[in-house]
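Here are my notes on the model, written to be read with the structure open beside you.

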Amino acid sequence: MDASVLISTAALRHNVRLVRDRIAPAELMAVVKDDAYGHGLDSVLAVLLDEGVTRFGALDLPGALRVRHQAPDSMVFAWVFDRGDDLSEALQQQIDIGVTDVPVLERVAAAAAVAGTPPARIHLKLDTGLHRAGVLAGDWERFVNLAAELQRSGRVVVSGLWTHLAEESHDDDSRSIAEYREGLAIAEAHGIRAATRHIAASAAAYAREDARFDVVRVGAFLYGIAPGGGVGPEDLGLRPVMTLRAPIRHIRRAGERTLAAVGIGGASGILADAAGAVSVALAGSRYPVVAVEPTLLLIDVSGADATVGDTVTLFGDGSAGEPTLQNWADGMGTIGEEVVTRLSSLIPRTRID
Ligand SMILES: Cc1ncc(COP(=O)(O)O)c(C=O)c1O
């Protein structure tokens, strides 16, 4: 056996239902960027579609086109574009485009001007404080005006108005929400009405009713990944979806210690920071990770009854005594998303339950 990622379909369904109950009547846009946060896009999409999810956030165009292939009738949203991206392909495939500045708006309009291309469905982004992307409040009116002109020409349809809350403090988010409301009023004054409003990711969508508007873009919570900083998935009623396992390849005595080499390492995406910071489980007991090598993890199994071929659980839902992803993230001083999105796509993802 090699390393394997097990995906709990039951946990994923549970989280989807929990989040949807919580955010109703707002609708869920399931964020499936980075191969569904490392969980494997195809299986995750199959479950989400079966649960009746109809909106997907894919980050970039290659991801959006993959989603479109599997979800021909859904709304698929992408918001990061490279210079080389073929926007006419995006329009042909009816991808909803997050427009973050004038150059992207102009590229979209140019692609939509080609005969036979359907109008571009665009979502205009206001930067309300995160400063990652989006149009600043001072430039918003000019931007909205340009989009309204393009809408009148029939090249684009403004189907969304959005921002991304920083989720760093309640007060900052409140300021962002107020700024966003002003942005909505300006858009309305320029004739942009009936556009879908969306501003919140997992944490704000969960915590704040005033951040939900029409749609929320939720990624981490669907996979049972909590924000950390003392808030674990169980505090929110979420269930971890991923279990990561690998076999013991060999066992060596090293002075006083017995070290087992487990068949997964840095080349498969295990962060070097795991050494000395996290533990793994073997037969329900925990053993510390002492080193991360390119293809192996060394764990200290002194005193354990360990045999070559035994399966080690790196993290799971904790129900069999194993560490959770949250334990790993906390141990390494990072967030769960950082751990799972780095895992190599070469590790097979297998659905369980
Ligand atoms: C624009 C946008 N919306 C939503 C999300 C989902 O965030 P979370 O995983 O915290 O739910 C992301 C994640 O990168 C994002 O970039």
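1. A backbone N or O atom of Gly219 lies 2.8 Å from an oxygen atom of the ligand, which is a polar contact (a pair of N or O atoms within 3.5 Å). Please keep in mind that this is a predicted model, in which local features need pLDDT of at least 70, side-chain atom pairs count only at pLDDT 80 or more, and totals for chains, interfaces and linings use all residues. Residues are numbered from 1 along each chain as its sequence is written, and side-chain values use heavy atoms, with hydrogens and water left out.

2. Contacts through side chains. The side chain of Tyr37 places an N or O atom 2.6 Å from an oxygen atom of the ligand. Arg217 brings a polar side-chain atom to 2.8 Å from a ligand nitrogen. On its own the ligand has 390 Å² of accessible area, and the protein covers 89% of it (areas by the Shrake-Rupley method with a 1.4 Å probe).

3. The shell around the ligand. Which residues surround the ligand? They are Val31, Lys33, Tyr37, Trp79, Trp162, His164, Ala201, Ser202, Arg217, Val218, Gly219 and Ala220, each with a heavy atom within 4 Å of it. By class the shell has seven nonpolar, three polar and two charged residues (Ala, Val, Leu, Ile, Met, Phe, Trp, Tyr, Cys and Pro count as nonpolar, Asp, Glu, Lys and Arg as charged, and the others, Gly among them, as polar).

4. A pocket here is an open set of points on a 1 Å grid over the protein atoms alone, with protein on both sides within 12 Å along at least five of seven lines, and lining residues have an atom within 4 Å of a point. α2 (33–37) and β10 (215–218) are the elements that give two or more residues to the ligand's shell (helices are DSSP runs of H or I with at least four residues, strands runs of E with at least two, numbered from the N terminus).

5. The largest pocket itself. Its volume is about 850 Å³, counted as the space filled by probe spheres set on grid points joined across faces, edges and corners. There are 36 lining residues, and Lys33, Arg132, His164, Ala201 and Glu337 are the closest to the centre. The lining divides into 21 nonpolar, five polar and 10 charged residues.

6. The second largest pocket. This one holds about 260 Å³ of space. Thr243, Arg245, Asp317, Ser319 and Glu322 are the closest to its centre among 19 lining residues. At least two lining residues come from each of β1 (4–8), β11 (242–254) and β13 (279–282).

7. How many cavities of 30 Å³ or more does the structure hold? There are three, a cavity being a set of points where a 1.4 Å probe fits but cannot get out.

8. Two backbone details to check. Tyr37, in helix α2, has phi near 50 degrees, a positive value in a residue other than glycine. The peptide bond from Ala24 to Pro25 is cis, with omega near 5 degrees, and Pro25 is in the loop between α1 (9–23) and β2 (27–31).

Notes:
Polar contact = N/O pair within 3.5 Å; in protein donor to acceptor, adjacent residues only side chain to side chain.
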